[in-house]
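Colleague: Could we go through the charged pairs together? I have a few questions ready.

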Amino acid sequence: MLQLRYVTEEQLAGFDQYQYSAVDTNPLSVYIMQHLWNRIVKIVPLWIAPNLLTFSGFLLLLINYFVLCFYDWDYTASGSRLIPNWVWWFAALSTFSAYALDSIDGKHARRTQSSSPLGELFDHGLDSWATSLFTISWFSVCASPGDSPGFSKHTMFLFLSIVLLNFMLSHWEKYNTGVLFLPWGYDLSQVTLVAGYLLTAIVGVELWHKPLVFGYYITTVSMTLVIGCSIFLSLPHTLYNIYMAYQKKTLKKDSLYEALLPLVSPTLLFFLLTVWVALSPCDILIKQPRLFLFMVGVAFSSVACRVIVCQMSNTRSESFHYLLFPLALVVFAAVTGLLGRLEESVFKAFTALATVAHVHYGVCVGRQLSQHLNIHIFSMKKRAQE
């Protein structure tokens with residue numbers, strides 16, 4: 001069951017040749033956060049595996065998400081005191097801890113001379129899932145309960161989609177250039193989230209539902225900033241870096257078709273999800289907002305991980321991710337009314353199967369690369385030669 005080999009021999013050979021290359025020009029990261037991480041990483045015992053740091057950070061995010069699920073399953077507790085204050089303190093602590101662990105895992109790997117392609121894949125693969133967890137957890141703060149200001153369920157879906165597509169842009173850029181240009185938005189978003197949770201714990205969740213200057217609400221401003229930064233900063237910056245690689249003749253792909261392949265599955269994924277949200281007879285996003293957004297994150301991470309594997313192994317990206325086929329069938333059956341009252345039940349079944357399939361993929365790929373590179377995932381010891 002766990003011996004399924006998702007990574008091809010060609011991709012394994014590509015991992016053997018892989019060299020990490022990244023550029024970080026974010027002033028917040030370079031001049032402030034990196035100095036903090038350099039101090040924190042010295043505290044970590046040398047016997048701890050870097051992947052253990054990565055996974056611990058992800059687990060903290062998952063625990064934080066489940067705590068918020070318990071107190072605010074349908075995103076209606078915002079604007080009231082239904083969520084205990086300790087939850088916001090814990091959210092701030094877990095978010096900062098996950099941010100710190102994600103920032104020092106690579107430093108710890110270089111410090112212990114245990115850097116490997118498996119470590120980077122493990123890091124970026126979990127990041128592709130964590131990006132949605134950060135976002136949908138934050139919605140408990142700024143969701144719109146009833147008629148009060150805040151994010152509506154459809155705004156949440158749009159916000160999450162934009163955040164995830166920005167993540168994909170970074171790895172699409174690396175797929176074509178071979179260089180990961182670390183996005184400025186990551187550090188800024190993490191610091192903002194931690195500060196936001198702390199403010200909520202100190203002042204109260206009502207803060208996010210009161211107008212700022214000129215009558216604008218924080219939620220409206222944040223949505224405008226996300227859309228504006230994506231259109232006028234992230235996308236142009238990505239296209240510029242790809243164009244510069246083209247000018248320098250360092251592009252990894254030699255045709256427009258090959259260059260655009262990684263974007264096909266994510267585009268189709270969000271198209272299908274948008275159709276479902278817009279045309280669902282039972283208003284599936286309104287009835288199951290938290291579970292639907294969770295499913296969006298899982299489906300995206302499943303697609304993104306395949307792109308990351310192809311990008312790191314310098315192999316051709318798949319044209320269509322297999323998950324799109326059952327999703328298309330479910331969406332078609334739902335919007336045409338074939339499912340009728342079963343739409344919600346089928347949606348839950350699809351979410352469960354997609355989650356199990358994604359976890360299975362992650363475990364199998366981790367085991368396969370662990371055996372191929374002769375290293376343990378969560379230990380500094382070398383594997384015994386078989």
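This is a predicted model: local features need pLDDT of at least 70, side-chain atom pairs count only at pLDDT 80 or more; totals for chains, interfaces and linings use all residues.

Colleague: Is Glu 9 buried or exposed?

Modeller: Residues are numbered from 1 along each chain as its sequence is written, and side-chain values use heavy atoms, without hydrogens and water. Buried means under 20% relative accessible area, exposed over 50%, and partly exposed in between (1.4 Å probe, protein chains only). With a relative accessible area of 56%, Glu 9 is exposed.

Colleague: Which residue forms a salt bridge with Glu 9?

Modeller: A salt bridge here is a side-chain nitrogen of Lys or Arg within 4 Å of a carboxyl oxygen of Asp or Glu. The closest N and O atoms are 3.7 Å apart, and the partner of Glu 9 is Arg 5.

Colleague: How many residues apart in sequence are the parts that Lys 174 and Glu 120 tie together?

Modeller: Lys 174 and Glu 120 form a salt bridge, with the closest N and O atoms 2.6 Å apart. Lys 174 lies in helix H6 (residues 153-177) and Glu 120 in helix H5 (residues 117-142), so the parts tied together are separated in sequence by 54 residues. Helices are DSSP runs (H or I, at least four residues), numbered from the N terminus.

Key. Helices (H or I, at least four residues) and strands (E, at least two) are DSSP runs, numbered from the N terminus.
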